[in-house]
Amino acid sequence: MRIITDTDRTENLGPCAATIGCFDGVHRGHRYLINQVCKVAAERGLHSAIVTFPVHPRQVMQTDYQPQLLSCLHQKTDLISQLDADYCFMLPFTRELSQLSAREFMQVLQKHYHIQVLVIGYDHRFGHNRTEGFEDYCRYGQELGMEVIRAKALVEDGVSISSSHIRSLLKQGAVHEANRCLGYEYYLDGTVTDGYKVGRKLGFPTANLLPACPEKLIPAEGVYAVYTYVQGIRYAGMLNIGHRPTVNNGSDLSIEVNILDFSENIYRKQMRIEFIAFIRSEQRFDSLEQLTVQLKADREQVRKLLQMPVR
Ligand SMILES: Cc1cc2nc3c(=O)[nH]c(=O)nc-3n(C[C@H](O)[C@H](O)[C@H](O)COP(=O)(O)O)c2cc1C
Ligand SMILES: Nc1ncnc2c1ncn2[C@@H]1O[C@H](COP(=O)(O)OP(=O)(O)O)[C@@H](O)[C@H]1O
């Protein structure tokens, strides 16, 4: 896989079969589509390619748009680079590009990126205002000498796997189902920051996460079984996303993990949190003692869920 950006030359690249999309999250539906592209490319003796954008098109069109992404750019690039396709074209989504009609955009793909076959996602639309549809793309393809194919969707339990479906699962806390659609565990990366130093007094110190990518979707508030990666080592953990109503620490949303069987100082260290299962909603307890009783029960549940020996 070669990642090709706008500063790379494209004249010497071979002809391709390609698909276009945002590929946010690079989930199993995306991989199913890209496998279809690779198959079509192999049948026709072409290279296989993905055309995507480093910035979500809606962020360009609507400057106040607050995306809730499944993957930030370097995560998306990382996930894409593990795929089988030969090239990934990262096209800067500029205002000028957004003004192109579907036909004009197809011409750009043909001229600059040598795309001879376009495999279009089952519901994908492109071009100014996205007013046209698959039949129009086929007609332009005939006029331009470009083959246009509609890809099949990956459907499970009657639902097509899509980024918006996964976002809605994460917003409901359904991380297990979201992970099944993603094909990997949803994660947040960030730095460990200071909290209010209450955790250690309860016997449950918590590492507070400051997310590295503010645009990345934070799953629903509540308590989760997670894996935590610190300096390349994986630990089991229990994570709370919420407002800590028992200690009443203001309105800030906190993302904090108690790492099981761990006692190091990790302030300012990088940490990755991988979501495994939702345990319960955040609650307001009448006392810190009651919260501590609940935290002990949560810890036992995490041990069971992550199949760890009971201590
Ligand atoms: C697994 C877990 C579950 C938690 N559940 C709740 C809860 O239900 N209600 C609540 O008020 N705080 C909850 N908390 C937050 C604690 O109140 C918090 O860890 C404590 O305030 C320590 O904060 P500090 O890191 O700022 O010292 C939970 C924390 C963890 C790690
Ligand atoms: N088991 C653990 N899980 C999480 N953090 C731990 C653990 N043991 C020690 N720590 C350290 O303690 C800090 C958390 O202590 P805590 O009293 O909750 O303070 P804070 O309010 O600053 O988060 C973490 O940031 C980390 O450096």
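Student: What is the bridge partner of Tyr-227 in β12?

Tutor: In this predicted model, Tyr-227 has Ala-236 as its bridge partner in β12.

Student: What makes β11 and β12 a pair of strands?

Tutor: Two strands pair if at least two bridges are found between them. Strand β11, residues 222-230, and β12 are joined over nine bridges. Nine set against a requirement of at least two meets the criterion, and therefore the strands are called paired. Their sense is antiparallel.

Student: How many residues lie between β11 and β12 in their hairpin, and which residue in the turn has a positive phi?

Tutor: The hairpin leaves two residues between β11 and β12. Gln-231, in the turn, has a positive phi of about 50°.

Student: How do you know that β12 also pairs with β13?

Tutor: The criterion of at least two bridges applies again. Six bridges join β12 to β13, and these strands run antiparallel. Gly-242 stands opposite Ser-254 in β13.

Student: How many bridges join β10 to β13, and why is that enough for a pair?

Tutor: Two bridges join β10 to β13, which run antiparallel. The definition asks for at least two, and therefore this number is enough. In β13, Glu-256 is the bridge partner of Asn-208.

Student: How many bridges join strand β9 to β10?

Tutor: Strand β9, residues 187-193, is joined to β10 by four bridges, and the two run antiparallel. Val-192 has Leu-209 as its bridge partner in β10.

Student: Which residues of helix α7 are buried, and what makes a residue buried?

Tutor: A residue is buried if 20 or more other C-beta atoms lie within 10 Å of its own. In α7, residues 163-171, Ser-163, Ile-166, Leu-169 and Leu-170 are buried.

Student: Why are the buried residues of α7 said to line one face of the helix?

Tutor: Seen down the axis of α7, the buried residues fall within an arc of 120°, and so they line one face. These residues pack against α8, residues 175-182. The face turned away from the buried side carries Ser-164 and Ser-168, which are exposed. Just after α7, Gly-173 takes a positive phi of about 85°.

Student: Why is Ile-3 called partly exposed?

Tutor: Ile-3, found in strand β1, residues 2-4, has 14 C-beta neighbours inside 10 Å. The label exposed requires 12 or fewer and the label buried requires 20 or more. The value of 14 falls in between, and therefore Ile-3 counts as partly exposed.

Student: Which residues does Ile-3 touch, leaving aside those up to four places away in sequence?

Tutor: Ile-3 touches Thr-77, Ser-81, Cys-88 and Met-90. Contact requires C-beta atoms within 7 Å. The C-alpha atoms of Ile-3 and Ile-50, 47 residues apart along the chain, are separated by 9.4 Å.

Student: Which residues come nearest to ligand 1?

Tutor: Of the 23 residues around ligand 1, the nearest are Gly-195, Tyr-196, Gly-199, Asn-240 and Thr-246. By class, the shell divides into nine nonpolar, eight polar and six charged residues. Helix α10 gives the most to this shell, with three residues.

Student: Which residues are closest to ligand 2?

Tutor: The closest of the 19 residues surrounding ligand 2 are Gly-195, Gly-199, Arg-200, Pro-205 and Ile-259. Two or more residues of this shell come from each of α9 (199-202), β10 (207-211) and β13. The shell has eight nonpolar, seven polar and four charged residues.

Student: Into which domains is the chain divided, and how many residues of each are in contact with the other?

Tutor: The chain is divided into domain 1 (2-160) and domain 2 (185-305). Five residues of domain 1 are in contact with four residues of domain 2. The side of domain 1 that touches domain 2 has four nonpolar residues, one polar and no charged. The centres of the domains, taken over C-alpha atoms, are separated by 37 Å.

Student: What is the secondary structure of the chain, and what part of its residues is buried?

Tutor: The chain comes to 10 helices and 14 strands. Of its 311 residues, 32% are buried.

Terms used:
Residues are numbered from 1 along each chain as its sequence is written. Chains are lettered from A and ligands numbered from 1 in the order in which they are written. This is a predicted model: local features need pLDDT of at least 70, side-chain atom pairs count only at pLDDT 80 or more; totals for chains, interfaces and linings use all residues. A residue is near a molecule or strand if its C-beta atom, placed from the backbone, lies within 6 Å of it. Ala, Val, Leu, Ile, Met, Phe, Trp, Tyr, Cys and Pro count as nonpolar, Asp, Glu, Lys and Arg as charged, and the others, Gly among them, as polar. Domain bounds come from an automatic or database domain assignment. Two residues are in contact if their C-beta atoms, placed from the backbone, lie within 7 Å. The arc is that of the directions from the helix axis to the C-beta atoms.
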